[in-house]
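Hi,

Here is the structure I promised to pass on.

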Amino acid sequence: MIDFAWLLPAFPLVGALILILVGRRLGEPGAGWLASLMTIASFAVTVGVYFDLLSRPAEERHEVITLFSWIPVGSLTIDAALLIDPLSVTMALFITGIGALIHLYAIGYMHGDPKFSRFFIYLNLFVFSMLMLVLGENLLVTFLGWEGVGACSYFLISFWHTRNSAAVAGKKAFVTNRIGDFGVMTAMFLAFSTIGSVSYDAINEAAHSGTMAQVTSTAIALLLFVGAMGKSAQLPLYLWLPDAMEGPTPVSALIHAATMVTSGVFLMTRMSPVLHAANEWAPMTIAIVGAATALFAATIAVAQNDIKKVLAYSTVSQLGYMFLAVGSGAYVAAIFHMVTHAFFKALLFLGSGSVIHGMHHEQDMRKMGALRALMPVTAFTFIIGWLAIAGVPPFAGFWSKDEILLYVYANNRALYAIGLVTALLTAYYMTRQVIMVFFGEAKWQDHSAEHGAHGDFKPHESPGIMLFPLVVLAVLSTIGGAMQLPFSKNLHFLEHWLAPVVEEAEAHISDTWAYNNKYLLMGVAIIVAAAGIALAITVYSRRKLPAIEPRVLEQAWFYDAAAAKIVGGPGYKAFEGVAWADAHVVDGAVNGTATLVRTSATALRKSQGGFVRAYAAIIALGSIAVLAWFVFRGIVG
Amino acid sequence: MNALVVVPTTTWYLMLSAVLFVLGTVGVLVRRNPLIMFMCIELMLNAVNLSFVALGRQIDSIDGQAIVFFVLVVAAAEVVVGLGIIVSIMRRRNEVTVDDLAELKG
């Protein structure tokens, strides 16, 4: 089965190509079904590859499938090759699995959109690029996917490009990601110039054996982290992700919550031996940036009123958690949280999409309330997602968050405290959201006039094709924690499965105080989550305490405005300076050369008088001069 | 009687060659008819040929004569091209001097 792994990216690519050719003719819902079937087929192949890999002994779970020699130039040989190992298959499983569910959901959500078939071209193209990213055997193939998902993300954020805010948000995402891509490219160049290869196996082997200097591995790790900051929305480059919510909700769920934004975490895990070989402060930097992002985004989410913005900041915060884990050497926990987060955050986004759909494209939570009676399935599944992200046992989010906190405690207690505060805020703002949307008083009647065409406005439950993915994801969010239960070593399924990839760099904490008292830490986490939920109920449901939603938090600490001011003011001036230098210095040099040639040629061409005998005379005189030189040189010499 | 027998030495041939060469050069410089100029160039070429043969004989080497054959072949080729051009120019214009052929001047 493993030999057929090339089918994995091939299915969605073929789907996209067919849709480009005949998508319009297939129309609705044919185009959506085709795209969904391609993703489901890809998922089926992934499951086959997974079981094939599982049937092998642990040390043989590593297979490189070379498709063709891509760039053979001198000492640089880059193959278009796929790397099949536990990490890439784990990623591929949830990309294609959740991707297929979201494709199905989108058939319902995009109903009636004039660009229905084009939406699915982008979606299939995205799945293809994402699979290339995680399956790539070397940095360049990954980079191909990395740019591919970036482009698809841009297309899909600006999908409703007639809306100015959507067009601007797409541009913002693209430009911000460019800064990160610069880091990835530089890391790639550095790897090639120092060890002469961009293949993961070669780089990791060089880091492992020590042939790569420590300063080089530090530089590569940090440059890749710059790329991860862009793609995975970490401080200071997270700016684009909240704006990316301008895209259709299935896109927010698939790209900006479950898959693409986790590719930074994936890349750091893939290169974990390099991070392990790097200077100690490199992982520490990553942990600090992760913790800062987690706390920063969580505080902002507390004061947002747009149903999707809350989830967007929550995603940024949870990604910060994953980087906190990566920086603490908890790679398994990072991947664990990535997978459970993909389950419950996709569920929450799709749930919010269902609410938006039922509310006729209303996203302001202040205009919702008491929707649980009208949308029972959406409400029930959303509540499961809420319990999972808030860290309530036994839902999936609790186990993965607990695992991360355990490792962070063993690494650094200050970061652990930040993690706990973030967990408290997460429980608080998610409870706030659930209360504002599904409980309390119904406020949507007051705004029914805004939805004029519908006359007697009443929110409605979504169609079955949108509810089915919600139910599946709700089940996964409930039982997903079973991948890695902390009670016994035998229940660490994910850890054993990922061991061949990460065991070298994984932190060993079994002798620490934290590990011996893990049930105590677990209790603390449960108390913190309960406190957050209780606080939110007191504030928003019982109304015993006033809501604290200062403008500074609603405006994201004015970070966005400050960045806009800096880039728009001094930044704009600086770029104008660069443009001036380009027009005058660079172009000046080029134009100057041309002018010089033209002037001297004009002077020289006077000598071409068209008087043939004058030419002959000059030739004769010249010959005499040359002869004379020979003769007299002989005499003088 | 013996005194009257003049044996031409290499110097004589070289002097003749020089005279022919200068004649040819002056002809090219002063004449305006392209055909005449062309013949003057031939004269210069053959002046050089003469010096080749003379010097070749003096140092007792066949190389001088061999080179002359090359020169003759090249000169023949040159005549074909040059005369072709001159004849086609002559056909288009009634009276031609090289001074009038200055369309390509700078």
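**What I found**

Chain A comes out of the domain assignment as domain 1 (1-137), domain 2 (138-197 + 204-272 + 280-554) and domain 3 (565-636). Bear in mind that this is a predicted model. Between the C-alpha centres of domain 1 of chain A and domain 3 of chain A there are 57 Å.

Next, the inside of chain A. The largest nonpolar core has 212 residues, and those touching the most other members are A:L131, A:L224, A:L324, A:A325, A:A334 and A:A346. Helix α14 (residues 331-358) of chain A is the top contributor, giving 17 residues to this core. Where does the core sit relative to domain 1 and domain 2 of chain A? Both domain 1 (1-137) and domain 2 (138-197 + 204-272 + 280-554) give residues to the core, so it lies between them.

Leaving aside residues up to four places away in sequence, A:L224 touches A:G183, A:V184, A:A187, A:L267, A:M268 and A:M271.

Chain B is a separate story. What does chain B have in the way of helices and strands? There are 3 helices and 0 strands, and the pattern along the sequence reads α-α-α. For its 106 residues the globule rule gives 13 Å, but the radius of gyration of chain B is 18 Å, well over that, so chain B is more spread out than a compact globule. Taken along the principal axes, the C-alpha atoms of chain B fill a box of roughly 60 × 30 × 25 Å. As for contacts in chain B with a separation of 6 or more, 46% of them are between residues 24 or more positions apart.

Finally, the place where the chains meet: 11 residues of chain A are in contact with 9 residues of chain B. On the chain A side, helix α24 (residues 612-636) supplies the largest share, 5 residues. By type, the chain A residues that touch chain B divide into 5 nonpolar, 3 polar and 3 charged.

Cheers

Notes
Residues are numbered from 1 along each chain as its sequence is written. Chains are lettered from A and ligands numbered from 1 in the order in which they are written. This is a predicted model: local features need pLDDT of at least 70, side-chain atom pairs count only at pLDDT 80 or more; totals for chains, interfaces and linings use all residues. Two residues are in contact if their C-beta atoms, placed from the backbone, lie within 7 Å. Helices (H or I, at least four residues) and strands (E, at least two) are DSSP runs, numbered from the N terminus. Ala, Val, Leu, Ile, Met, Phe, Trp, Tyr, Cys and Pro count as nonpolar, Asp, Glu, Lys and Arg as charged, and the others, Gly among them, as polar. Domain bounds come from an automatic or database domain assignment. The radius of gyration is taken over C-alpha atoms; the globule rule is 2.2 Å times the number of residues to the power 0.38. A nonpolar core is a set of buried Ala, Val, Leu, Ile, Met, Phe, Trp, Tyr and Cys residues joined through C-beta atoms within 7 Å. A residue is buried if 20 or more other C-beta atoms lie within 10 Å of its own, exposed if 12 or fewer, and partly exposed in between; C-beta atoms are placed from the backbone.
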